[in-house]
Amino acid sequence: MTPSAADSPAELIISACTVLVHDDQERVGFEEDAAIVVRNGIVQAVTTTAAAADLPAAERIDARGQVALPGLINCHTHAPMVALRGLAEDLPTQEWFNDVVWPVESNLTQRDVELGARLACAEMIRAGVTCFADHYFAMDAVARVVAECGMRALLGEAYFSSLGPEGQERSLEFALRHRGSAGGRITTALAPHSPYTVDDADLAAIARLAGEHGLPLHLHAAENRDQTETSLARHGVTPIEVLERTGVLDTDVLLAHGTGIADRDLPVLERAAGRTAVATAPRGYLKFAWPDTTPVRALRDIGVDVGLATDGAASNNTLDVWEAMALTSLVQKSSEGDPRWLTSRQALHHATLQSARAVGLEDSVGSIAPGRRADIVLVDLTGPHTQPVHDLAATLVHSARSADVRTTIVDGRILMRDRTLLTIDVPAVVRELEERLPALVDRSHGRRIQDYDT
């Protein structure tokens, strides 16, 4: 639909920018000197600056020198874990879990989770992330933060078999109660932790619940090669094959990491009855010195979407999806031994439409086009590190940084304008979080929420 001056005023018009667009084959392109017309939280039109000049609007942004992108999506994180950033450094995976993270997480209160989520959302908004998929504890607190700060999120209450039937019930109850909340900005999933912390009977039960209630699943699977080899030695099947035999792959499922996906797993994933996607977070794999990365090319060849992610800041130290986009391109080039994979345009496709599909929002976000939700970020390319521009896609992926994001918009609402956050008081959050840190990080009690043995 083309807007006209006779229409009621648009809530927002962004003009004089370059807009990342997708053609009917999902190829990434750019429209210069463009304007985006937003009405009722939805993109009404992508037109020319001249055509939008006389349209009535409640608010206008002159985005000269900036590129408008679909808001980035963090497809797998544990947002409240920003409170543990830098606490468990330079450790192998087993020690990281058993000696630091799981003992500390046994101290978590609702307030700790809420403060961590607020700080995380502030970080993501400033980095151009408009939506995130979160998998953690005390998720009512995270849902409250998402509703207040204006972001979009896919949320799930984490579940271990050690929590018993009440843990499973709590995960389902959370998902049903918050589905569609925050004006539709919150979607929900069931969140069993992984095949190594949730037994086969419970995985099968959760898969049945997902089918009965029309909910997706979000879980860790085949995170690294050691997990796959341990599963084969103990059970004769890979973690992915466990998901198939328990019915998890009959549902829509988002798998975190998958660096341990084996060649024998690819036919299993290809024949999965539900929508299957994988979230890749390459920075964490490099930090843990895992020998493999997510096999993006092999997954794409069988039609599995791969979205970009950061994991939690306790392992990744950052929630910067911009960095994840650049690292995904670089690590894939290295692992494939081919500089032609992933290209910058392919990386942008993973950061936009594939990430939207990974979190089940392909019909509403992931591109800037009429009828899509107005989740938009404006990136300033006037700095010396982004000039000159010979290849705009390469400039965005390999030269631009999250600090170049000037404005972040969700559902047509401006959450950050010219680098100023409008919905979160960061100094107040940091002050209270620092007061709570001594109790949070205490490990003298000798407890841990789980044992990592894989």
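View 1. Contact means heavy atoms within 4.5 Å; helices (H or I, at least four residues) and strands (E, at least two) are DSSP runs, numbered from the N terminus. Axes are lines fitted to C-alpha atoms, for helices over the stretch in contact, with angles from 0 to 180 degrees between N-to-C directions. Keep in mind that this is a predicted model: local features need pLDDT of at least 70, side-chain atom pairs count only at pLDDT 80 or more, and totals for chains, interfaces and linings use all residues. Residues are numbered from 1 along each chain as its sequence is written, and side-chain values use heavy atoms, leaving out hydrogens and water.

**View 2. The open sheet has 4 strands, in the order S11-S12-S13-S14.** Its pairing is parallel, where two strands pair if DSSP finds at least two bridges between them. Strand S11 (217–221) and strand S14 (305–308) sit at the edges with a single partner strand each, so one side of each has no neighbour in the sheet. On average, neighbouring strands are turned by 30 degrees against each other, direction ignored. Zoom in on S12 (residues 253–257) and S13 (residues 276–280), and you'll find 4 bridges; leucine 254 has alanine 277 in S13 as its bridge partner.

**View 3. Helices H3 and H16 pack with their axes 10 Å apart.** H3 (residues 110–126) meets H16 (residues 426–441) at an angle of about 140 degrees. The two are therefore oblique to each other (under 35 degrees is roughly parallel, over 145 roughly antiparallel, 65 to 115 roughly perpendicular, and the rest oblique). Residues making the contact include Leu115 and Leu119 of H3 and Val429 and Leu433 of H16.

**View 4. Phenylalanine 97 and tyrosine 452 form a stacked pair.** Their rings are 4.8 Å apart, centre to centre, with 15 degrees between the planes. Rings of Phe, Tyr and Trp (its six-membered ring) pair if their centres lie within 6.5 Å; planes under 30 degrees apart count as stacked, over 60 as edge-to-face and the rest as tilted. Phenylalanine 97 belongs to helix H2 (residues 93–105) and tyrosine 452 to the segment after H16, so the pair ties together parts 355 residues apart in sequence.

**View 5. The peptide bond from tryptophan 341 to leucine 342 is cis.** Omega is near -5 degrees for this bond. Look for leucine 342 in the loop between helix H13 (321–336) and H14.
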